[in-house]
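Student: I have not worked with this structure before. Could we go through it together by question and answer?

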Amino acid sequence: MYVIKTRSMFDSAHFLKDYEGKCANIHGHRWIVTVDVGSETVEESGPYRGMVVDFGKLKADLKEETEKLDHTLIMEKGSISDTTKQAMKEEGFRMVEVDFRPTAENFSKYFYDLMAAKGYTVIRVRVFETPENVAEYTTAQ
């Protein structure tokens, strides 16, 4: 199988509601997302001859998704009061609410699903929360 990979980064803050430890407090990361896509074959004709997919399109599609989260506070829906959210909005803070606990593990599945929905045959997504800590979602056995 042919496999190609690209990556994108974003900076954001998050917190883990009901967690017992430092991550219960708002803190930030430079998240790195890598996406591996694959195919048993490469294109045989046309402008993409010899390619699985165009790297430029793959990278642009991933960047489109990571930019939505860049320089935001990412939080699980229902994790803070409506009063707090409203006060933060009034102060101009960018917030993104997600339907899941914003862990690296959940983000790996989140980006996997987003890229698959764009038509890619996704093999693996890795989300680095720090240079040493990474979570992965994959279909590979």
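Student: Which residues does Tyr112 touch, not counting residues up to four places away in sequence?
Tutor: This is a predicted model, in which local features need pLDDT of at least 70 and side-chain atom pairs count only at pLDDT 80 or more, while totals for chains, interfaces and linings use all residues. Residues are numbered from 1 along each chain as its sequence is written, and side-chain values use heavy atoms, with hydrogens and water left out. A contact means heavy atoms within 4.5 Å. On that basis, and leaving out residues up to four places away in sequence, Tyr112 touches Val122, Ile123, Val125, Tyr137 and Thr139.

Student: Is Tyr112 buried or exposed?
Tutor: Tyr112 belongs to helix α3; helices (H or I, at least four residues) and strands (E, at least two) are DSSP runs, numbered from the N terminus. Buried means under 20% relative accessible area, exposed over 50%, and partly exposed in between, with a 1.4 Å probe and protein chains only. Because its relative accessibility is 11%, Tyr112 counts as buried.

Student: How far apart in space are Tyr112 and Thr130, C-alpha to C-alpha?
Tutor: Along the sequence, Tyr112 and Thr130 are 18 residues apart. In space, C-alpha to C-alpha, the separation of Tyr112 and Thr130 is 19 Å.

Student: What span does α3 reach from its first C-alpha to its last?
Tutor: The expected span of a helix is 1.5 Å times one less than its number of residues. With 14 residues, α3 is expected to span 20 Å at 1.5 Å a residue, and the model comes close to this. From first C-alpha to last, α3 reaches 20 Å.

Student: Within what arc do the buried residues of α3 fall, seen down its axis?
Tutor: In α3, the buried residues are Ala104, Phe107, Ser108, Phe111, Tyr112 and Met115. The arc is that of the directions from the helix axis to the C-beta atoms. The buried residues of α3 line one face of the helix, because seen down the axis they fall within an arc of 140°.

Student: Why might residues three or four places apart point the same way in an α-helix?
Tutor: The reason lies in the helical repeat. Residues three or four places apart point the same way because the number of residues a turn is 3.6.

Student: Which exposed residues does the face of α3 turned away from its buried side carry?
Tutor: On the buried side, the cover includes β1 (2-14), β2 (27-39), α1 (55-67), β3 (72-76), β5 (122-128) and β6. The face turned away from that side carries the exposed residues Glu105 and Ala117.

Student: Against which elements do the buried residues of α1 pack?
Tutor: The buried residues of α1 are Leu58, Asp61, Leu62, Glu65 and Thr66. Seen down the axis of α1, these residues fall within an arc of 135°, so they line one face of the helix. They pack against β1, β2 and α3.

Student: Is Thr34 buried or exposed?
Tutor: Thr34 is part of strand β2. Not counting residues up to four places away in sequence, Thr34 touches Lys5, Thr6, Arg7, Arg124, Val125, Arg126 and Phe128. Its relative accessibility is 8%, so Thr34 counts as buried.

Student: Is Asp18 buried or exposed?
Tutor: Asp18 sits in the loop between β1 and β2. Its phi is near 70°, a positive value in a residue other than glycine. At 68% relative accessibility, Asp18 counts as exposed.

Student: Near what value is the phi of His71?
Tutor: His71 is found in the loop between α1 and β3, and at 56% relative accessibility it counts as exposed. The phi of His71 is positive in a residue other than glycine, and lies near 55°.

Student: What pattern does the protein chain follow, read along the sequence?
Tutor: The secondary structure of the protein chain comes to 3 helices and 6 strands. Buried residues make up 38% of its 141 residues. Read along the sequence, the pattern is β-β-α-β-α-β-α-β-β.
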